[in-house]
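Dear colleague,

I am handing over the structure below, together with some notes on what turned up when I went through it. Please read the notes with the sequence and the model open beside you.

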Amino acid sequence: MLFFSFFQFLLCLSSWAWGVYSSDTQERLVKDFFDKNGPSSGSGGSTHTNNWAVLHMANALGIVPERLHAKKAPRYRTVKRLGIPDSNIILMLADDASCNSRNKFPGSVYANPGRQLDLYGDNIEVDYHGYEVTVENFIRVLTGCLTTDAGRMDPSVPRSKRLLSDERSNIFVYMTGHGGNEFLKFQDNEEISAFDVADAFEQMYQKKRYNEIFFMIDTCQANTMYSKLYSPNILAAGSSQLGENSYSHANDNDIGVAVIDAFTHYTLEFMEKINKTSQVSMQELLILCECEQFNSFDVTKINSHPGVRSDLFNRPLEHTRITDFFGGVAQVEVMSPHDIVPLISVNETQENVLENPKASSSPSLQAQSQTFYLDAVRDWKTARAWGSVALVGVMVGWIALKQ
């Protein structure tokens, strides 16, 4: 009987240990799996958890916009095809080329005269259209200042018009239109300068609205638009140097205009080979842009010198995946229940403020609910441990009585 009592004690002890530590062991195994198979910050991998895209086309009024839309539409097609949902894409179009009276193919914008690829696809969601596309609205979208005079979130602004990014967001910002030395035209009556863009990105950094930004611009003298950037974790690319124009690639005789720019054509040709699980790095894409460094792109194809600025970017380009900016593939972070509760409380508070700015959650009620949840987790672990002990004890006792 002494042997059975000692054996029963060991079983009970091991069962109690399993009940207490099994959940922690499972969490550790899951975390080790993602640490082993996912990119880490030490190896140059991204730490972002969500992706956003802001695609802006500032058309000059009175100009047939097919070519300009065919510069914007490839970016929209690419980010949507690679997994960024429309809810995370802010699309700003100053005019609608697909419904223009000179477009013989209503509802479509093609990337080449042969019309093999419709860049609009089956559906397209435009968030800002026509006279909504202004310098003020563009900056407000980036900085999150879509507020009333009282400083509260304007309830009339729908979610689709808001860039709801945070400090773990990777954002792709694309601009195109008619531009020049350190400026881009909006609607033929206003301009945004390189200083405006730089200051908007700095506000985003101060407000913790991004993890990393990839800024791409296709216009005449495009590279001057990123010359004033000074905020960290920004990678930039442009289609032409100071004093150079951004030229078209092909004309469509049925429409009577050029349908796409050369820079956009070759980058689209490259991006069409990328899929959601691609491991291709940003360096391979930017080889097309920084020809002087890599010496692999014939500038005579586009008649301008694209450029790249990477001095503000903290990760090596060879370890930065294209899908870190163009795709919807996000990193998974394993969290314990103790970490989840404060996060849930914060998110609920933010949603309450957005839905009802005048209402504020009571700190005492939040603290009480959080304490109650944590106590319930501890009580469940304790009950499970002692339940295991009792079950194994009953089984061993029953075996001992049978002997």
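A residue is called exposed when its relative accessible area is over 50%, and buried when that area is under 20%. Please also keep in mind that this is a predicted model.

With those cut-offs, K208, which sits in the loop between α4 and β8 (212-218), counts as exposed because its relative accessible area is 55%.

Is N233 buried or exposed? The relative accessible area of N233 is 18%, so this residue is buried.

Another loop residue to look at is N88, found between α2 (66-81) and β2 (89-93). N88 counts as buried because its relative accessibility is 13%. The side chain of N88 makes a polar contact, at 3.2 Å, with the side chain of S87, and, leaving aside residues up to four places away in sequence, N88 touches N51, W52 and A53.

Turning to the strands, β6 (residues 183-186) and β7 (residues 190-193) run antiparallel and are joined by four bridges, one of the pairings being that of K185 with E191 in β7. The two strands, β6 and β7, form a hairpin with three residues between them, and in the turn Q187 has a positive phi of about 55°.

Finally, there is the nonpolar interior. In soluble globular proteins, nonpolar side chains tend to be buried together. In this model the largest nonpolar core has 65 residues, and those with the most contacts inside it are F201, F214, F215, L229 and F326. Helix α4 (residues 194-206) supplies the largest share of this core, namely six residues.

Which residues does F215 touch, not counting those up to four places away in sequence? On that basis F215 touches V173, M175, V197, F201, M225, Y226, L229, L235, A236 and A237, and two of these partners, F201 and L229, are themselves listed with F215 among the residues with the most contacts inside the core.

With best regards

How values were computed: Residues numbered from 1 in each chain as written. Predicted model: local features only at pLDDT ≥ 70, side-chain atom pairs only at ≥ 80, totals over all residues. Heavy atoms only, no water. Core = buried A, V, L, I, M, F, W, Y, C linked by side-chain atoms within 4.5 Å. Buried < 20%, exposed > 50% of the residue type's maximum accessible area, 1.4 Å probe, protein only. Contact = heavy atoms within 4.5 Å. Polar contact = N/O pair within 3.5 Å; in protein donor to acceptor, adjacent residues only side chain to side chain. Pairing = 2+ DSSP bridges.
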